[in-house]
Amino acid sequence: MAAAVAGNRRFQRYGTTVNTERMLGYPVVRIKGGTAQQRQLFTRELLAALRAMSLSVWLADPGFSAPSAVWKKALQHDLVIVDELPGYVVHTISVASDSGIPKGDDLFWTPDGEIEVIAGQLLSRLHRIAGREPLWACVLIGGRSSRMGRAKHLLTTENGQSWLENTVSRLKPFVDGLVIAGEGVIPERLRAIPHIPDLPKVGGPISGLLSAMRWQPQLSWLLVACDMPCISSAAVEWLLSLRRAGVWGLVPKLAEGSHLEPLFAWYSPRSAQLFEAQMFSESLRIADIAASNKIATPLVPDNLRESWKNINIPEQLLSICSSRSEG
């Protein structure tokens, strides 16, 4: 059984509460200033513009100021708009009756301004927030390895490292933390990394990913299977560079019309609700998540395609990773 993770320092680093400053790391915006009528008019027009961009927006009722509820909504929507949130530092849009200089990091709008302009500015900020959300890697182990005949995560590279160790070392520079999901022996050098079990009575990769998402629902996840030993730093950089507001997952494809590659992919915390709904419908194919319009399926550049190569049989071991020498 995988080791318990409660109390692990890496877990405590991103707890299930949010402090006054950390709310800035989430897409929560307060609209302030102007008259009540001006704020209502602006909010109505802004909502229409953002929803036309296919963004999911949750508008709090006037006076609603429960921080924990706001934070949870921010993990389910592209944007949360609040009237007030006392004691918490959030992004703001100031409404005024005449033009002026924005204070601090406020966005600024006047009733004679074009709503498309402020919506575009807000979208740019949301893109920046999306690229800075806490990111962990979830490395999947524990498949049957029936065709390989042995546990693939324990196969070794020419430098003596196991595939699991190699994957972890390649991902570490890009993430705030790592977790290993699934059953299997963990090499001694990796036993400080949290190791969580799959969901009970649920098979396939979706079990490991959802287990991680339920464990730490506030994180975005770089999901990687242990049988992809050719992953390059350039491939990770490319994938993460595509994170955007309104996109809840990046599931690449190697060619137009080809099958998707959900096991070296990125998923935002908002995608958890899609996976939960998929589980409820008894669909366990992780690639089915791409049926949602919130999941992007970018085409992998030719020079990075090898990073998505998975190894299933012993014969493939002879020709893996032509670019092994990459640092």
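Which side chain meets that of Glu 276 in a salt bridge? Select Glu 276 together with Arg 214, and, bearing in mind that this is a predicted model, you will find their side chains joined in a salt bridge of 2.8 Å, N to O. Glu 276 belongs to helix α8 and Arg 214 to helix α6 (residues 205–215), so the pair ties together parts that lie 62 residues apart in sequence. Glu 276 is partly exposed, at a relative accessible area of 29%, and Arg 214 is also partly exposed, at 46%.

Eight salt bridges are found in the whole structure, and two further pairs can be selected next. The side chains of Glu 188 and Arg 191 meet at 2.8 Å, N to O, with Glu 188 exposed at 59% relative accessible area, while Lys 309 and Glu 306 meet at 3.7 Å, with Lys 309 partly exposed at 29%.

Now move to Ile 289, in the loop between α8 (272–280) and β12 (295–296). Ile 289 is buried, with a relative accessible area of 3%, and, leaving aside neighbours within four places in sequence, its contacts are Val 251, Tyr 267, Leu 274, Phe 275, Gln 278 and Ile 295.

Finally, select helix α2 (residues 36–52) and helix α4 (residues 115–132), which pack at an angle of about 65° with their axes 10 Å apart. Phe 42, Glu 45, Leu 46, Ala 49 and Leu 50 of α2 make the contact with Ile 115, Ile 118, Ala 119 and Leu 122 of α4; eight of these residues are nonpolar, none is polar and one is charged.

Methods:
Residues are numbered from 1 along each chain as its sequence is written. This is a predicted model: local features need pLDDT of at least 70, side-chain atom pairs count only at pLDDT 80 or more; totals for chains, interfaces and linings use all residues. Side-chain values use heavy atoms; hydrogens and water are left out. Axes are lines fitted to C-alpha atoms, for helices over the stretch in contact, and angles run from 0 to 180 degrees between N-to-C directions. Helices (H or I, at least four residues) and strands (E, at least two) are DSSP runs, numbered from the N terminus. Contact means heavy atoms within 4.5 Å. Ala, Val, Leu, Ile, Met, Phe, Trp, Tyr, Cys and Pro count as nonpolar, Asp, Glu, Lys and Arg as charged, and the others, Gly among them, as polar. Buried means under 20% relative accessible area, exposed over 50%, partly exposed in between (1.4 Å probe, protein chains only). A salt bridge is a side-chain nitrogen of Lys or Arg within 4 Å of a carboxyl oxygen of Asp or Glu.
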